[in-house]
Amino acid sequence: MLDGCGREIDYLRVSVTDRCNLRCRYCMPETGVGDLGHANILSLEQIARVVSVAAELGIRKVRLTGGEPLVRKNIGQLIRMISGLDKIKEISMTTNGALFTAMADELKEAGLTRVNFSLDSLQEENFNYITRRGQLQDVIPAITKALQMGMTPVKINMVVMRTINDREILDFARLAYVLPLHVRFIEFMPIGDLPFFQEQRLMSGDEVKAVIDQKYELSARSTRQGSGPAKDYTIRGGVGMIGFISPMSQHFCSECNRIRMTADGKLRGCLFSKNEVSLKMALQNNASDEKLAELFKQAIWEKPSRHHLAKGWGADNQRKMYQIGG
Ligand code: SAM
Ligand code: SF4
């Protein structure tokens, strides 16, 4: 379906929980979060129903995110329900990877096609610092496992923060050189007004690329495959790929093909816009598929033309990244 700006919307990101087993400094407050509570989040059946309505409107790809999607109970069951929908061609997940290894076989068997791992440091101490409670030794085997299982392309997302992990840029680039991984460098965004965001920590995609250019020869991929916001490059002599996601320095809104649903059933046309269309009430009142489709169309139609993140998050924009779904 086309939105109000003529963009084809075929990608739905679903936050299945606002809870998380980590406390990454750029995403969550240390004290943890007052989570939405069981009664306020959509059931797995309700999520699957929304996806089936969305599929009829043209959604073809679904990404499960959060919070941490793997802490949602019976997530495999949800994947199974979604993969049973004919029109959905891809079900992927963004995860911190801590719980992935033990669940990988079940997830793949249920129909998970791809996985993106968020990993911001390859150094134990720095990893502990950034995530506050993560263990690198849980994540590395998870990535290896996803590669072994052929869930390609396996993507690694690194949020680059000056003085925090920018000294590791070449180590991450090397990962894509030696392994068939797609490593993406993401600009730090001031989401949720967390004090950890500081202007001087923001490093643009161009700056990161300049660091990588000193050691590796990158060639821009001529055709855009899939429909992501990343600018992708191959590495001369390497087996993986490198990408840059630069929402702060070069917004990619004109190519945006996605819509998001929060764990409490709010459709959000843009990560950065506080406008939401709620499906929750309609679901609780056993609304018809037609009614749900109407609300869905409204959210797609009202999707903003672009974000204004450079002006900051906005004090009236209450939600944080883990509540919207990254
Ligand atoms: N827990 C899962 C994970 O970490 O992959 C999924 C949810 S997390 C909110 C999704 C993505 O958002 C992660 O890749 C994370 O690095 C990114 N993210 C969170 N806060 C961010 C920020 N302030 N700037 C840039 N990326 C951010
Ligand atoms: Fe949790 Fe992901 Fe946020 Fe880290 S980035 S705190 S893993 S939701």
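**Entry 1: a hairpin**

I began at the hairpin of β8 and β9, which has 5 residues between its strands, and I noted a positive phi of about 80 degrees for Gly237 in the turn. Strands here are DSSP runs of E with at least two residues, helices are runs of H or I with at least four, and both are numbered from the N terminus. The model is predicted: local features need pLDDT of at least 70, side-chain atom pairs count only at pLDDT 80 or more, and totals for chains, interfaces and linings use all residues. Residues are numbered from 1 along each chain as its sequence is written, chains are lettered from A and ligands numbered from 1 in the order in which they are written, and side-chain values use heavy atoms, with hydrogens and water left out.

**Entry 2: the partners of β9**

I looked up which strands pair with β9 (two strands pair if DSSP finds at least two bridges between them). Strand β8 (residues 231–235) is antiparallel to β9, with 4 bridges, and Thr234 stands opposite Met241. Strand β6 (residues 181–187) runs parallel to β9 and is joined to it by 5 bridges. On that side, Met241 is the bridge partner of His182.

**Entry 3: is β9 buried or exposed?**

I found 5 of the 5 residues of β9 (residues 241–245) buried, so the strand is largely enclosed by the rest of the structure. Buried means under 20% relative accessible area, exposed over 50%, and partly exposed in between (1.4 Å probe, protein chains only). In a regular strand, side chains alternate between the two faces of the sheet. In β9, Met241, Gly243 and Ile245 are on one side, Ile242 and Phe244 are on the other, and all are buried.

**Entry 4: Asn126**

I then turned to Asn126 in helix α4 (residues 124–131). Asn126 is buried, at a relative accessible area of 8%. Beyond its neighbours within four places in sequence, Asn126 is in contact (heavy atoms within 4.5 Å) with Ser121, Ile164, Asn165, Arg167 and Glu168.

**Entry 5: ligand 1**

I listed the 17 residues that surround ligand 1; the closest are Tyr26, Gly67, Glu68, Ser118 and Met189. A residue counts as near if one of its heavy atoms lies within 4 Å of the molecule. Both β3 (90–95) and β5 (154–160) supply at least two residues of this shell.

Next I looked up distances to backbone atoms. One nitrogen atom of ligand 1 is 3.0 Å from a polar backbone atom of Gly67. A nitrogen atom of the ligand also lies 2.8 Å from a backbone N or O atom of Met189. The protein covers 95% of the 550 Å² of accessible area that ligand 1 has on its own (Shrake-Rupley method, 1.4 Å probe).

Notes. A polar contact is a pair of N or O atoms within 3.5 Å; within protein, one must be able to donate a hydrogen and the other to accept it, and residues adjacent in sequence count only if both atoms are side-chain atoms.
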